[in-house]
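Please look over the model below before reading on. My notes follow as numbered points.

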Amino acid sequence: MTTNGRPGDSEQVALFIDFENLAIGAANTLPDQANPVPYAALEMVCRDYGNASIRRAYADWAKQQFGKYQHDLAMNGVDLIQLHRFGIQQKNAADIRLAVDAMETLITHPDIGTYLLVAGDGDYSPLVQRLREFGKHVVGVGTEASASPRLVSVCSEYKYWGTLVAAVEPSAQPAVKASFDIHDGERLLVHALSQRDGEDAPGAWLKHKMLQLDPSFDERNYGCRSFKEFLGRLSQVVAVQVSEGPGDLRVRLLREPLAT
């Protein structure tokens, strides 16, 4: 695990994508995008969190709205799992199959330390809780349109799809910028710093604390390419001291939070 809480390049990762949830949510979140599920964003999900040795996506691929992405997924080494729906199992087909596969992976591949779950349905919350009980780092990815607050709260981290798309498609940046208020990030930052020991805190500790308080925190939500850039945008709130070597950021609160 890296110092910022994310898996390192050598970390073994299992990726499970509820693709129907992703495609429908992305279309609703990014209605002005000709392709709300671009290849580059899929590539980022598959490769940005370490060595994803297991990559599976679940959908009814016979439907055009999902089937048109088969080539992009296959080119990223994703196994396409066909969903067959019968009777009353219309809604939960992906939830059940994905959860069964994830638990099987937990047993058969104990070396996998990170589970990347691309989904927003709150029904996945028990799965995430169980994975974390076994000491796994669970990164959720979903759209703002479909992300359940319950699911977000139980993940180790939760990334919003629109933010990932904006990182590779500049045309999506205005929509993401309109969705996130930097003042929310400021309040989270102040809350985290209020729990420090001493007058300042290491940058790595601070980001980890912010993720503990809100797993959906991501500096990219606010158009920042790094945590350091995020802190720089809040220079009226914190002072940042930069030095060479590991733990190069020390962050100090310029004003104490008001008593409640």
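**Notes on the model**

1. Searching the whole structure gives 11 aromatic pairs. Rings of Phe, Tyr and Trp (its six-membered ring) pair if their centres lie within 6.5 Å.

2. Phenylalanine 217 is buried at 2% relative accessible area, and tyrosine 222 is buried at 14%. Buried means under 20% (1.4 Å probe, protein chains only). Ring pairs also tie Phe217 and Tyr222 into a cluster with Tyr158, Tyr160, Phe180, Phe227 and Phe230.

3. This is a predicted model: local features need pLDDT of at least 70, side-chain atom pairs need 80 or more, and totals for chains, interfaces and linings use all residues. Numbering starts from 1 along each chain as its sequence is written, and side-chain values use heavy atoms, without hydrogens or water.

4. Helix 5 (residues 93-108) and helix 6 (residues 125-133) have axes that come within 10 Å and cross at roughly 5 degrees. The two helices are therefore roughly parallel, a label for angles under 35 degrees. Helix 5 brings Leu98, Ala99, Ala102, Met103 and Leu106 to the contact, and helix 6 brings Leu127, Arg130 and Leu131. Contact means heavy atoms within 4.5 Å. By class, the contact residues are seven nonpolar, no polar and one charged.

5. Of the 260 residues in the chain, 51% are buried. Among contacts between residues at least 6 apart in sequence, 62% join residues at least 24 apart.

Technical notes. Buried < 20%, exposed > 50% of the residue type's maximum accessible area, 1.4 Å probe, protein only. Phe/Tyr/Trp six-rings, centres within 6.5 Å; stacked < 30°, edge-to-face > 60°. Axes fitted to C-alpha atoms, helices over the stretch in contact; angles between N-to-C directions. Helix = DSSP H or I, 4+ residues; strand = E, 2+ residues; numbered from the N terminus. Parallel < 35°, antiparallel > 145°, perpendicular 65-115°, else oblique. Nonpolar A, V, L, I, M, F, W, Y, C, P; charged D, E, K, R; others polar.
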